[in-house]
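Trainee: I would be grateful for a close look at the surroundings of the ligand. Please describe them in one connected account.

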Amino acid sequence: MNEQRYAVFGHPIEHSLSPCIHTLFAEQEGRPIEYDKILVPQNGFAQSLRAFADRGGVGANVTVPFKIEASTLVDEQSNVAARAGAVNTLIRLPDAEDGRIRWSGDNTDGIGLVADIARLDCAIQNRSILIIGAGGAARGVLPSLIDCHPSRIVIVNRTHKKAYDLAKLFGLESFHLDTMDFSADIVINATSASLHQESMKLPKKIFQSAQLAYDMVYAAEDTPFIKEAKAQGVPNTSDGLGMLVEQAAESYRLWRGFTPERKSVLRYMRETIIMRSQKRTT
Ligand code: NAP
């Protein structure tokens with residue numbers, strides 16, 4: 001095993017900020033790290049992970065669309081990962097006696113989101129939460145949100161059946177997006193709509209009593225969801241860059257037992273995405 005070798009697996013992966021974030025964490029700790037981006041071919045996750053382990057890899061992050069498959073490949077997993085049915089962090093275990101490679105799985109997305117909501121000075125306990133979206137991101141954060149004891153969690157999604165199935169899995173409520181008559185304290189956009197700068201058709205009422213509107217997608221400029229929330233007078237809004245940094249910090253801690261300082265890294269990453277966006281437009 002090579003104690004410095006880490007990677008993030010996904011498809012696509014080119015856009016990933018994880019190598020930059022983990023390099024900053026390693027600098028803080030004063031320990032070297034080699035953190036690669038691995039573009040996984042469709043249906044090739046298990047093989048790519050095996051090849052990485054053969055090269056000595058000791059830890060990995062997993063992103064879209066392999067988190068669910070990752071949870072089926074691990075030898076053990078955390079309570080949160082098991083409840084989410086999705087793994088975003090792999091920690092290499094000692095090989096089995098017969099030489100078989102073994103991994104432990106965790107999911108740090110939920111801890112990342114909860115930590116970032118705390119950074120925004122917003123309590124979750126006894127507050128109502130509306131989650132828009134019913135894909136892997138929504139599923140991944142639900143166990144950690146539930147563990148914070150909100151008064152209520154409601155899920156809505158463009159395809160209602162998916163919201164219904166996800167809500168049922170966690171014993172929660174789901175509403176139809178177009179007939180929903182509910183406003184929560186915290187509104188979380190867990191869809192990928194903002195990735196393509198798409199506006200969702202949201203009932204105006206959803207922001208009526210919102211104290212925080214949170215978009216898991218991050219961008220150099222306000223996403224359409226954040227713009228809408230601001231226009232509706234929501235006092236606290238944020239994109240998902242803080243969540244990205246927080247989930248990475250928790251992965252780093254699981255791998256190396258070192259908890260990085262996140263504020264300076266978040267500031268640096270904010271400058272980085274703004275600079276990248278300016279380069280694209282000039
Ligand atoms: P996914 O499994 O592909 O699910 C996509 C979700 O978005 C589905 O609920 C889908 O609805 C909905 N959607 C897509 N386009 C939409 C539109 N135009 N209008 C309304 N709904 C739309 O993706 P995922 O893994 O859940 O990821 C969702 C987003 O979260 C991604 O953009 C990802 O970058 C972000 N994320 C951020 C972090 C972070 O650390 N900040 C961590 C994890 C994920 P249907 O079911 O109707 O198709």
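Mentor: By class, the shell around the ligand is made up of 11 nonpolar, 8 polar and 4 charged residues. This description rests on a predicted model. In total, 23 residues surround the ligand, and the closest of them are Ala137, Asn157, Thr159, Lys162 and Glu198.

The side chain of Lys162 places an N or O atom 2.8 Å from an oxygen atom of the ligand. The backbone also takes part: a polar backbone atom of Ala134 is 3.0 Å from an oxygen atom of the ligand. At Gly240, a backbone N or O atom lies 2.9 Å from a nitrogen atom of the ligand. As for the surface involved, the ligand taken alone exposes 930 Å², of which the protein buries 80%. Two elements each give two or more residues to the shell, namely helix 6, spanning 136–147, and helix 9, spanning 241–256. Ala137, one of the closest residues, falls within the range of helix 6.

The second largest pocket may be set beside this site. Its volume is about 180 Å³. The residues lining this pocket are Ala46, Leu49, Arg50, Ala53, Leu73, Asp75, Arg100, Ile101 and Trp103. Helix 2, residues 45–54, supplies the largest share of that lining, with 4 residues. By class, the lining of the second largest pocket holds 6 nonpolar and 3 charged residues, and no polar ones, whereas the shell around the ligand includes 8 polar residues.

Technical notes
Residues numbered from 1 in each chain as written. Predicted model: local features only at pLDDT ≥ 70, side-chain atom pairs only at ≥ 80, totals over all residues. Heavy atoms only, no water. Near = heavy atom within 4 Å. Polar contact = N/O pair within 3.5 Å; in protein donor to acceptor, adjacent residues only side chain to side chain. Areas by Shrake-Rupley, 256 points an atom, 1.4 Å probe, with all protein chains shown as cover. Nonpolar A, V, L, I, M, F, W, Y, C, P; charged D, E, K, R; others polar. 1 Å grid on protein atoms, 1.4 Å probe; cavity = no way out; pocket = protein on both sides within 12 Å on 5 of 7 lines; lining within 4 Å. Points joined across faces, edges and corners; volume = space filled by probe spheres on them.
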